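Dear colleague,

Please find below the structure for your review.

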Amino acid sequence: MTEHVRVAVIGGGIVGCSVLYHLAEMGWTDTVLLERTELTAGSTWHAAANGNTFMTNPAHMRLVLHSMDHWERLEEMTGQPTGFHHVGGLLMAETPGRYDELMRIRAIGAQNGIEYELLSGEEACERAPIMTPEGVLGVLFDPKGGHIDPYGLTHAYAKAARNLGARVMRNSPVTELHPRADGSWRVVTPDSEVTAEVIVNAAGFRANEIAALTHARLPMMAMQHHYIITEALDEVAAMDEEFPVLRNSDRSFYMRREGQGLLLGTYEAQSHTFGENGIPPDFGQELLPGDLDRIAPFLEGSMERVPCMQTAGIKRVVNGPFCFTPDVHPLLGWMPGQRGHFVAAGFLAGINMGGGFGKMCAQWITEGETEEDMTFADVARYGKWAEGEFELARAHEMYSERYKIHYPSEELKSGRPMFKTGAYDRQKERGAVFGMVYGWERPLWFAPDGTEPEDIYSFRRPNWFGPVGDECRGLRERVGILDIQPFAVHEFSGPGAEAYLNHLLTNRAPTDKGKLVLSPMVDAGGGLIGDFTINKIADETYHLTGSGALRGLHGRWFERHLPDSGVNVDDVSDETGGFAIAGPKARDLLGRLTNTDLETAAFPFLASRAVSVAGIEARVLRVSFTGDLGYEIHVSIADHGKLYDALLDAGAELGIVDAGSRAMDSLRLEKGWGRMGAEFTRDSTPFEVGLGRFVKLDKDEFIGRDALMAAKQAGPGYVLVTLEIDVDDADAWANEPVYAGDTIIGAVTSGGFGHFVGASIALALVKPEAASSGNALQVEILGHRYPATVADGAMFDPAGERMRN
């Protein structure tokens, strides 16, 4: 007889056991974990198992804090020894850029209750006498850090889960997975068969084998990673206390005590995959051959910082596979296009992350949402385009540059370009520096003649600061052209389309053809998960334009809530291209290419028209994300390049300028407008970020309505404000703390320089009592607190006259 369970977790490493425990803790005990051989037999058993909270993503930091909390408690909870060495951690900086990174980490830690200590090189040597202080600009001490026994920790999670009623089945490789009509799965092993309402793919570097059983694939690759353990060293043996775990990213190594010797790991430049064409079926709890020549240059770098390494003998070389995704973040969430298939894979640092991320997986499964916004780790952030060569190229880049400084505005280069529009080559000729959105290239900024078209990153004002300023001023004073192909466009059609949109969105779908409506989309808890322009293009047919980066997440959400009949949803993003034109001469420019009456009386703000533009069939929307007079011109992707040429030619006499996405970001900051992924996240409701006017609580039931009614009655926990900061060379980016006196009362959500208004601007969520215009606050940027004033509305055209007239 086939057994029935609510959840079958596949994979018995640290992540799988953590998910099983957290499910049981939340009351889901009718669960089973199926492990191919023995617990920890994948990457877990050979992990160096260091832990730290040195994160620049606040949600990631909080989840690691949850893991650390379990490191301290699990042994007492279960009686299973975990071998936790709570010795703290040291993160060194030897370059100015790295020191700036330390300051950002310290600021984010302060918002999350972590009291990092900033030490000099000499003070760090007092904590870790084996290191030398020369050339060290600063060191952060992490009071939460340490290291743990990965075998003991994993078994502690498994035991805690079993104590609550969950089951663990070892030597039970999953050989078949069959979807059932009700959304459940038939799970087959050599000795058993289980029907599971939900399967969780936590199979580590074998996760793609499990995904393949469901006819899916995950963009991840197993990479070989080395660490060494030295022979006993007199300098180590002489220490009465264990020193903190050392991390020197500038020299690309981590180090801690191991017995009377040292454990040292590195991420070498010459990265190597493992199982690129499939993990060998007989590969089990074993290691790969070591290759000291590959890591020798980094060993030499460690010897300069830790001199006793110069005479250290090598006792053991550990080379084992770990998972790398295209951005190093794991792959979590419901597999797009399938029911009942949850992914918990792609973890590089599962020991450090497993506790907190395991909890999020369990919340997602049992409650439908998570307390933290997990967009950054959602499996749906990648599409099929990320498979194959792209995932391989990115895995090599992310491994070899693991310890590189990663900046807030960074664009990774490997695996690109994937998709290019018809305008790409001419944009490149005109100096475009490109980024990527969901596989598509898009201009970030345009380098003028004599300027190298290359990003030079910095936490301070980067090399594109001046050119982006020229783009912004050219648009505000004349007219600019911005590529909008990366926007996502979903088409909703059928007799039930209007009712379905009214169920999905907080605003009412337009009833008249040619009418535009702006609307947020929230989850059941009222948190923002989308921000759209709704365009009724024909009877029973609508286009939703939204974030390109969230295209996969939105598509999955639409599919999940799709009624049984009456509505079709199609992602037409790859078939659609276009440009936005904006500025005081935008109407003049468009008028040179069409016979359509563009005066406001005939073509008002928030209207759309089917228009012939330069002989190209187009759908023109009277909207603007720059806050200026503007139009979005949507065309077939086949006409994208032709439209670009026509706009440039017609706009030459008007002084048209190319403007990239970084200019658009500066311009929307001047208007105080949020965007998805920054101000608009699951952590906020529409009422907190200035979108309350687009929430129609008086319409029929929609997703999140009850939560939003309660939120409106309770009042906002935070309010979005615009801050003008008195700073010279380092603008805010995001996640900087906002102070009133010595109290943190909020955080920056996005920041930069408003080139037209000539001010350093930040949007921030602050407590309501601090949100009054004119209020004097402070923003901490790279270790210094700068005066900031709450602006009285938008800093550019606060009445919105330019975009409406």
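C125 is buried, its relative accessible area being 14%. In this predicted model, the cysteine sulfur closest to that of C125 belongs to C308 and lies 12 Å away, which is too far for a bond. C17 is likewise counted as buried, because its relative accessibility is 0%. Its sulfur is 13 Å from the closest cysteine sulfur, that of C361, and this again is too far for a bond. With a disulfide requiring sulfur atoms within 2.5 Å, the count comes to zero.

Turning to the nonpolar cores, the largest has 81 residues. V9, V200, L332, F357, I365 and M374 have the most contacts inside it. For F357, the contacts beyond neighbours within four places in sequence are H60, L63, P330, L332, F347, M374, F376 and A377. Another core lies apart from the largest one; it comprises 38 residues, including V174, A203, I210 and M436.

I would also draw your attention to an open sheet of five strands, arranged in the order 23-24-25-22-26 with antiparallel pairing. Its edges are formed by strand 23 (516-522) and strand 26 (568-571); each has a single partner strand, so one side of each is left without a neighbour in the sheet. On average, neighbouring strands of this sheet are turned by 25° against each other, direction ignored. Within the sheet, strand 22 (residues 488-493) pairs with strand 25 (residues 541-546) in the antiparallel sense, over six bridges. At S493, the bridge partner in strand 25 is T541.

With kind regards

Technical notes. Residues are numbered from 1 along each chain as its sequence is written. This is a predicted model: local features need pLDDT of at least 70, side-chain atom pairs count only at pLDDT 80 or more; totals for chains, interfaces and linings use all residues. Side-chain values use heavy atoms; hydrogens and water are left out. A nonpolar core is a set of buried Ala, Val, Leu, Ile, Met, Phe, Trp, Tyr and Cys residues joined through side-chain atoms within 4.5 Å. Buried means under 20% relative accessible area, exposed over 50%, partly exposed in between (1.4 Å probe, protein chains only). Contact means heavy atoms within 4.5 Å. Two strands pair if DSSP finds at least two bridges between them. Helices (H or I, at least four residues) and strands (E, at least two) are DSSP runs, numbered from the N terminus. Axes are lines fitted to C-alpha atoms, for helices over the stretch in contact, and angles run from 0 to 180 degrees between N-to-C directions.
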